[in-house]
Amino acid sequence: MSIREWPELERPREKLLARGCGALSDAELIAVLLGSGLPGKDAIALGRELLAAAGHLGALLADPHSAALRLRGIGPAKRARLIAALELARRSLSEQLAQRPALGNPRDSGDYLSAQLRHLPYEVFGCLFLDNRHRVLAFEELFRGTIDGASVHPREVVRACLRHNASAVIFAHNHPSGVAEPSAADRAITRELKEALQLIGVRVLDHLVIGQGTPTSMAALGWI
């Protein structure tokens, strides 16, 4: 039986409109984006297959070259819809963050920074630039690769702070392994950056390590 033959309020699109997004499973939401399935496989079954192939939702939506998005039945149009959905979510988080009067705790920025970095298969070091009232000025990806003294250059961070006229910063980097545990190198480069930025009057408010689950805040651990 195809989805068109289901009772109306059990169809994903109609259920979403009648009961809201919270009433739908991940596979049903994916089905709404896909629009259709394959002969013998409805859009919800295809959504479940995509989730199983990717391992988790973030991995499915984040990488346009993901093997999961190359499954039979996922052509360029469906793949583009899935990738666009994640980008819209990121842009929405960015707008919400920029509209807040100020950042008050790690959770204020954690969701946004996680959306920017968690899905990446390589390590990225980024910086959230803030004014003197802790309002967001910009986010910028500064370095890629293993986070240590060889890859993160304090002079480049200083230059970026001056370019954005920042008064404070929140650093963030991802661990592709999914383990959000700061390493000794993470702590060492944070100290080095903090000392460099003190010379130009820029405060380091936090350094978030992004893995699966809740980001780890170095400030909350007393390491800033």
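## What covers the buried residues of helix 7?

What covers the buried residues of helix 7? The cover includes strand 1 (124-130), strand 2 (136-144), strand 3 (168-174) and helix 8. This report describes these elements in a predicted model, in which local features need pLDDT of at least 70, side-chain atom pairs count only at pLDDT 80 or more, and totals for chains, interfaces and linings use all residues. Residues are numbered from 1 along each chain as its sequence is written, and side-chain values use heavy atoms, with hydrogens and water left out. Helices (H or I, at least four residues) and strands (E, at least two) are DSSP runs, numbered from the N terminus.

Helix 7 comprises residues 154-164, and its buried residues are P154, V157, V158, A160 and C161. Seen down the helix axis, these buried residues fall within an arc of 160°, so they line one face of helix 7. The arc is that of the directions from the helix axis to the C-beta atoms. A residue is called buried under 20% relative accessible area, exposed over 50%, and partly exposed in between (1.4 Å probe, protein chains only). The face turned away from the buried side of helix 7 carries the exposed residues R155 and L162. After helix 7 comes N165, which has a positive phi, near 55°.

A196 is located in helix 8. When neighbours within four places in sequence are left aside, A196 is in contact (heavy atoms within 4.5 Å) with P154 and V158. A196 and P154 are 42 residues apart in sequence, yet their C-alpha atoms are 6.6 Å apart in space.

The model has an open sheet of five strands in the order 2-1-3-4-5, with mixed pairing. Strand 2 and strand 5 (216-217) stand at the edges with a single partner strand each, so one side of each has no neighbour in the sheet. Two strands are said to pair if DSSP finds at least two bridges between them. Strands of a sheet pair through backbone hydrogen bonds, either parallel or antiparallel.

Strand 3 illustrates both kinds of pairing. Strand 1 and strand 3 run antiparallel and are joined by six bridges; F129 stands opposite V169 in strand 3. Strand 3 and strand 4 run parallel and are joined by seven bridges. F171 has H207 of strand 4 as its bridge partner, while A172 stands opposite L208 in strand 4. Strand 3 is also mostly covered, with seven of its seven residues buried. From strand 3, A168, I170, A172 and N174 point one way, and V169, F171 and H173 point the other way.

## Salt bridges

Side chains of opposite charge can pair when their charged atoms come close. A salt bridge is defined here as a side-chain nitrogen of Lys or Arg within 4 Å of a carboxyl oxygen of Asp or Glu. The structure holds eight salt bridges. One of them joins R163 to E140, at 2.7 Å from N to O. Because R163 lies in helix 7 and E140 in strand 2, the pair ties together parts that are 23 residues apart in sequence. R163 is partly exposed, with a relative accessible area of 48%, and E140 is partly exposed at 22% relative accessibility.

Another salt bridge links E156 with R159, whose closest N and O atoms are 3.2 Å apart. E156 and R159 are three residues apart in helix 7, so about one helical turn separates them. An α-helix has 3.6 residues a turn, so residues three or four places apart point the same way. E156 counts as partly exposed at 29% relative accessibility, and R159 counts as partly exposed at 47%.

## A nonpolar patch on the surface

Which residues form a nonpolar patch on the surface? The patch consists of L162, L199 and I200, which together have about 330 Å² of accessible area. Accessible areas come from the Shrake-Rupley method with a 1.4 Å probe; for residues, only the protein chains shown count as cover. Patches are made of residues with over 30% relative accessible area and no salt bridge, where like charges are joined within 9 Å and nonpolar side chains (Val, Leu, Ile, Met, Phe, Trp, Tyr) within 5 Å. L162 is one of the exposed residues on the face of helix 7 turned away from its buried side. I200 is found in the loop between helix 8 (184-198) and strand 4 (203-210), and with 34% relative accessibility I200 counts as partly exposed.
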